[in-house]
Amino acid sequence: MDLYMMNCELLATCSALGFLEGDSYHKEPDCLESVKDLIRYLRHEDESRDIRQQLGAAQILQNDLIPIIIQYPQDKQLFDAIIRLMVNLTQPALLCFGKLPQDTSFRHHFLQIVSYLQAYKEAFANEKIFGVLSEKLYDLLQLDWEQRQEEDNLLIERILLLVRNVLHVPADPDEEKNVDDDANTHDRVLWAMHISGMDDLLKFLASSQSEQQWSLHVLEIISLMFRDQNPEQLAATGQARSAKERGTDVVELEALRQKELAEKKSRVLQRSSRHSRFGGCYVIQGLKSFGDRDVVMHKGLHNVKNYSHDLGKEARRVPKRKQPAREGEGAPRRSALNVRLFLKEFCTEFLENCYNRLMYLVKDHLIREKAQQHDETYYLWALAFFMAFNRACSFQPQLVSETVSVRTFHFIEQSLTNYYEMLLMDKKEATSWSRRMHLALKAYQELLMTVHEMDHSQEEAVRNSSHILKNNIFYMMEYRELFLTLFRKFDETKQPRSFLKDLVETAHLFLKMLERFCKGRNNLVVQSKKFKRKKKPQVHPAGSDVQTQTPEELEQMWPRLAEQIGKCAKGSEPLPEDVVPFDAASEVPLEEQRAEAMVRIQDSLLAGQAPEALSLLRSAREVWPEGDIFGSSTSEPDEEIELLKQILFANLPRQVAPETDEPEEAVEEEDVAEEELASVRVSEKEFSFLDYMKRFANTNVVKAYVLLFKNYQQNSSHTNHCVVKMLHRIAYDLKMEALLFQLSVFCLFNRLLNDPAAGAYKEMVTFAKYIVGKFFALASTNQKAYMELLFWKNTAVVREMTEGYTLLQEKKGSDSCKAVQWTLEDEEELRELYYKYKEVEGEDILNNILAHLSTRNRTRKQVAKQLVHLGLAKSVRDFPRERKGTRIVLWTQDQELEIWRLFEEFQGTDDILGNMMKHITAKRSKARIIEKLLSMGLVSDRKELYKKRKRKPGSLGVDKDIGVPDLDDINDYEDEEEEEDDLDSEEEEERAWEDGDSDVGNRPLDGCMNKKGAGTSDRDARELVQSLRQEGLSGPLLWLQNCLNRTAADREEDGCTQPVPLVPLSEENEDAMEHGGFQKLLRKAGMRAPASEQESFWRIPAKLSPEQLRRVAASITLQEMEEETKEQPVEEENQEEPRGLLAEKEEAIQLPLGPKRSRLINEEENDSQDSSEEEDGPHPTGKRKRLRIEEDDDED
């Protein structure tokens, strides 16, 4: 559809509005209905905003709506409807499309709407329309809050939005080709507002206590009014030019004059205007062409200096992502004089009557989140603009007292940090976040300039206030680190040069104030924060903390310890009270902490700390009273002394850290992945300004300053001074001039020194000569300095250049003890051993090399690295990790006899396998020992090796031949099965068995401590099911049966198993899960109870196969049918005992901390419960549907 050909219905609606005859407008009877129809059409426009474009092309607002408003302001309904329509038509194009369109056609529609908005703004540059709006707004504001209706508040808001929309329309630089001091469209709109009195109404809204709800609207309108104004120039309007301004103009004119004279001189030196071929040909000696010959130049001699191989080459295209960020603001211009005078008067009155109150209200709205998104940008703009105006025009700090505070500094610092984080995350809107960041920086700069101006005030109270502010600012670490962070994180592809310019000037002012504040103060104390980082817990090798001692040495040590323990036991010496035997918040199980407490007691005794050992023993006895592991609660002092002696002489198992062969890259990645603790260590330290400046001696900081240095011709004299001052601090004060020894910097210096207007940059020229002189002085002693020019350098490289490369390497060598020296003989021996054993199969090559090396202090990691260094291996990962406990592959005859003897010795004990592993000579995994016992025929089933539980008095009978394993044995058995499955895989090598020793360390000293539990017979299980049915739990029993059948079907279909929680969704099933008898049945069926507080539901273990699950479900079904039909009884011997009735438990699965976890639940439970009374048989085994429920985690 052609947008310039209006829709028939839309054309008819516009025609029904009325017509303009001369200066008077005649409305039609259906004018109000037509306006409402237009509003309805706009509500249903398409993505291209066709209705809006058609109305803009027809100039409905200029020819109809504005004349109606001017001529019929008393018609309240018509006035309200037209204001609604005008607010809709004048809303920004960016708001219509949501974002700047990337598509070509939609970009065309976007620009078309912008052009219509600019035409609307031209129409609003009329005193009559603003006069009507001002009168209507004045009448509404005269109403008290009791008389004001909701429609009146809506109309006030719409009038303010209309003014906001009109001022928001961007200027068209192609159409408005006006020079300074000439009025453009925006100036004419401002003048119309001034004539109509709208500006006075805005000041009233900003200062009135009863109109607080319009504070953000007013601040937004004011920010749009002054968007083209410079606060310093506005404050100087109507005043004579100062001597400083005249001096600046003279410097600029002198620079232009010097440049013009240099150009004239170069033209005089040029030859005649004849063609260059008549000037002859020249050879440039020393400059090679593509071949070996010198370059031949066919131009005059005056062009020799400008010759380059790059002449005539096509410029290399820079990718868009690497292009410098564009400046957001256009070229500055100066408004008409009458407009600037009225705006200056507005600013003066606004500061005196409105600023403090309005800024307080806006800040309150922002803190309480009553404002819209990004409204804080108007607050930041107003803070920077009006404080700069106040500083330039008769500085009065009391007028801006609301925003001169530490809280304001904190708010801006937090905004800067937040904007920078969003700049990194929201890459599509990086330009917008960069502009907001620039606004916050300008506000921070103006705050510092205001505090700096307060220092020079004639009033002592103002100077004292400034001193207090600076004391608080310089004390806090965040404000001192802000500029370092901004410089180091500066990215020219995301942040424009104007941001860098303001950052450099702000940092210059901050350092100037800080340096002056430090002078005359010997001991300046500031706050320092250290973030504690925790690494992954490392297991220290055995004996790393306490040196191992022989029994003879222990015998000599014991009398002195016994005497000291006796004194402590009798109370003659005090015992330490801050000894804690375990950590309740630790993730380490209590059993492991119990073994660790025993080791701690032994370490205390070995260290000669008898009181601590005795106190630790008594504390551990209170924590673990069961089994009298740490002695009885009624122990006498002599018994405690004897127990401590046993602990001292005991060979306690300690955790041994296996030596890993990980490369250095993996270790570095682990170090980078350190977790930060929530706590921050805050302390105080003496502040040194020189030490603080050393942190600016950074490559990224220097790069940022050099980048701004390149634009020295466009920079102001103050900006160039700030750049040179910082570089001078780094080069002269810190003696780090070598940071500037870089080829691009020297090219910049060359351009500066050859600039015809170099006389206007005396400070920069002097600094450039100083740096170049320092470089050649260094190059005379260090010839490598010329190569160093190609690279940016850090402080370490600077020291190498100045102090010498060998000296620094010697220091490094003396400080580091990790470097291992390999002589030529060692390397030759290593090569021979490598070639000798690399073809040997079934043996570890590194172990063979270590066994035959003449030097015995080598480790596996050192040998592997040296093999890689010699080129014999590609990576240390080519060598598998050492497999501990599985080095012996074959069983010797003596080892088989030992297995036979140990089995005969411990056959009658409750834990056959555990006792055998304690006494076996060659340490093997449990899986290997079980496999060997089966192959030798000593046992027929691995169940015979389970740890047997002791029967409680009065409990049900237990078959003595069936051992029910406890949780520890099940976990060990699962590990054994994993080792069997992955015996030949590399994963089994990395997961080498270490439980042969650690399992003993996790148990009490007195050996095996059996847990409670017993197996039940089929008759007991049937009686339990029958009793549950009699109690009315038939529905939950059928639900349990269906869950087992579905889980079996899922495991057959998916081929993988995982613990499935039994989630009761109905109230009946939930009550059954809390029933003691039902829980007893779940235990008999092999279900696993919640392992910890982080588990809420019983689970079907992953180890139960589909056949076992179906047997358990069938047993429930058979018992149900037996009760209902009462047919022939089922004999015990014909009934196979279901394996599911054994209490097979699996290792508890550690869930993420907090209540957030995923659970698989059954959607068909309600259906199965409702149909439980109708169905006699088991439910069909269909595929179980799964639903994942996410429980939100409460953030601390």
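Which residue forms a salt bridge with Arg 695, and how far apart are the closest N and O atoms? I looked this up in a predicted model, where local features need pLDDT of at least 70, side-chain atom pairs count only at pLDDT 80 or more, and totals for chains, interfaces and linings use all residues. My residue numbers start from 1 along each chain as its sequence is written, and side-chain values use heavy atoms, with hydrogens and water left out.

**Entry 1: Arg 695 and its partner**

I found that the partner is Glu 481, with the closest N and O atoms 2.4 Å apart. Arg 695 sits in the loop between α28 (689-694) and α29 (699-709), and Glu 481 in helix α21 (residues 477-488), so the pair ties together parts that are 214 residues apart in sequence. I noted for myself that a salt bridge is a side-chain nitrogen of Lys or Arg within 4 Å of a carboxyl oxygen of Asp or Glu. Side chains of opposite charge can pair when their charged atoms come close. Helices here are DSSP runs of H or I with at least four residues, strands are runs of E with at least two, and both are numbered from the N terminus.

Next I checked the cover on each residue. Arg 695 is partly exposed at 33% relative accessible area, while Glu 481 is buried at 15%. The cut-offs I used: buried is under 20%, exposed is over 50%, and partly exposed is in between (1.4 Å probe, protein chains only).

**Entry 2: pairs within a helix**

I counted on from there: the structure holds 27 salt bridges. One of them joins Lys 76 to Asp 80, with 3.4 Å between the closest N and O atoms. The two are four residues apart in helix α5 (residues 76-89), so about one helical turn separates them. Lys 76 is partly exposed at 39%, but Asp 80 counts as buried at 16%.

I then looked at Glu 905 and Arg 901, whose side chains meet in a salt bridge of 3.7 Å, N to O. They too are four residues apart, in helix α39 (residues 893-906), which means about one helical turn between them. Glu 905 is partly exposed at 48%, and Arg 901 is partly exposed at 46%. I also noted a network, in which salt bridges with shared partners join Lys 442, Lys 501, Asp 502 and Glu 505.

**Entry 3: two hairpins**

Which strands does Gly 22 turn between? I found Gly 22 in the turn of the hairpin formed by β1 and β2, with two residues between the strands and a positive phi of about 70° at Gly 22. Strand β1 (residues 18-21) and strand β2 (residues 24-27) run antiparallel and are joined by four bridges. Strands count as paired if DSSP finds at least two bridges between them. Phe 19 has His 26 in β2 as its bridge partner.

The other hairpin I looked up is made by β3 and β4, with five residues between them. Four bridges join β3 (residues 282-288) to β4 (residues 294-297), and these strands run antiparallel. Tyr 282 is bridged to Met 297 in β4.
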